[in-house]
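Work through the exercises below with the sequence and the model open side by side. Each task is followed by a solution that goes step by step.

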Number of protein chains: 2
Amino acid sequence: MADIKFRVKANSLNPTKTLVKARGFELIVDEPQDLGGTNEGANPVEFILAGYAGCLNVMAHVCAQELGFELKGVKIDLVGNLNPARLFGKSFEERAGYKEIKATIKPDCEADEETIKKWLASIIDRCPVGDNLKNATDVAVFYKK
Amino acid sequence: MADIKFRVKANSLNPTKTLVKARGFELIVDEPQDLGGTNEGANPVEFILAGYAGCLNVMAHVCAQELGFELKGVKIDLVGNLNPARLFGKSFEERAGYKEIKATIKPDCEADEETIKKWLASIIDRCPVGDNLKNATDVAVFYKK
């Protein structure tokens, strides 16, 4: 299969609020007031969890279909913790981003335990967002005046 | 500073469409029709770029303030490419997620070249989402019946 390119274009509406355009969709990213923001949207690291939830849903259904069981739906809880000290320049001892992320998937289905284990292993192996979180990726950041 | 915990709860509305709740915010993640979706929202990997754009905006302003120059705004373009073969189970030769991500930041400011270079280095070092993309993170995925 050929590579697919994804692209977004963003503008700052204020120091914490960002308007992001992805194809025809507009998304507002902001920070809560206790992180200095105007709280008009979910924040950047919540967007990461949201994207991961969406990706897990897609993979849950792709993998259920391959394993031949009916998946009526899934509920997904995601939690991650990070220390904001590096972001705010208070300390450089810890990493800036999530230290760990925990995902819990609750499938609505009749599949047996063994099938569910195979299903979960396949989701974990093949989820694009999970891959980008678990593993290092080349990221290049440039500026243009 | 103390760690901060971020959490989202998600429900599948159909095999590609996910409703994600993050604090008071509701987000719809979906897939475009050419990836088998119902195209009612940006897709999971576009959410990752959106979160990264939002995070770069916050960091751009935090770091400009520290360096003492006025940042009137930023435009941010993000592009990433991935191969969907693993997701669809067609091939396991390549990783599932983005192979590389390129970010271009256009600051609206009067700062000189040397200051801008310091500014960019600080953004790159301290952006939480950038950290989670560039570096490996512990991700644990469980199921619950």
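The model is predicted, with local features requiring a pLDDT of at least 70 and side-chain atom pairs counted only at pLDDT 80 or more, while totals for chains, interfaces and linings use all residues. Residues are numbered from 1 along each chain as its sequence is written, and chains are lettered from A and ligands numbered from 1 in the order in which they are written.

**Exercise 1. State what confidence the predictor assigns to chain A and to the complex.**

Begin with pLDDT, the predictor's confidence in each residue, from 0 to 100: chain A averages 98, and 100% of its residues score at least 70. Then turn to the assembly, for which the predictor gives an ipTM of 0.98 and a pTM of 0.98.

**Exercise 2. Describe the side of chain A that touches chain B.**

Count residues as in contact if their C-beta atoms, placed from the backbone, lie within 7 Å; the contact then takes 89 residues from chain A and 88 residues from chain B. On the side of chain A, the largest share, 16 residues, comes from helix α1 (residues 44–67) of chain A, where helices (H or I, at least four residues) and strands (E, at least two) are DSSP runs numbered from the N terminus.

**Exercise 3. Trace the sheet to which both chains contribute.**

Take two strands as paired if DSSP finds at least two bridges between them. Six strands then form an open sheet of mixed pairing, in the order β3(A)-β2(A)-β1(A)-β4(B)-β5(B)-β6(A). At its edges stand β3 (25–29) and β6 (138–143) of chain A, each with a single partner strand, so one side of each is left without a neighbour in the sheet. Finally, follow β6(A) to its partner: β6(A) pairs with strand β5 (residues 100–108) of chain B in the parallel sense over six bridges, and in β5(B) the bridge partner of A:Val141 is B:Ala103.

Technical notes:
Contact = placed C-beta atoms within 7 Å.
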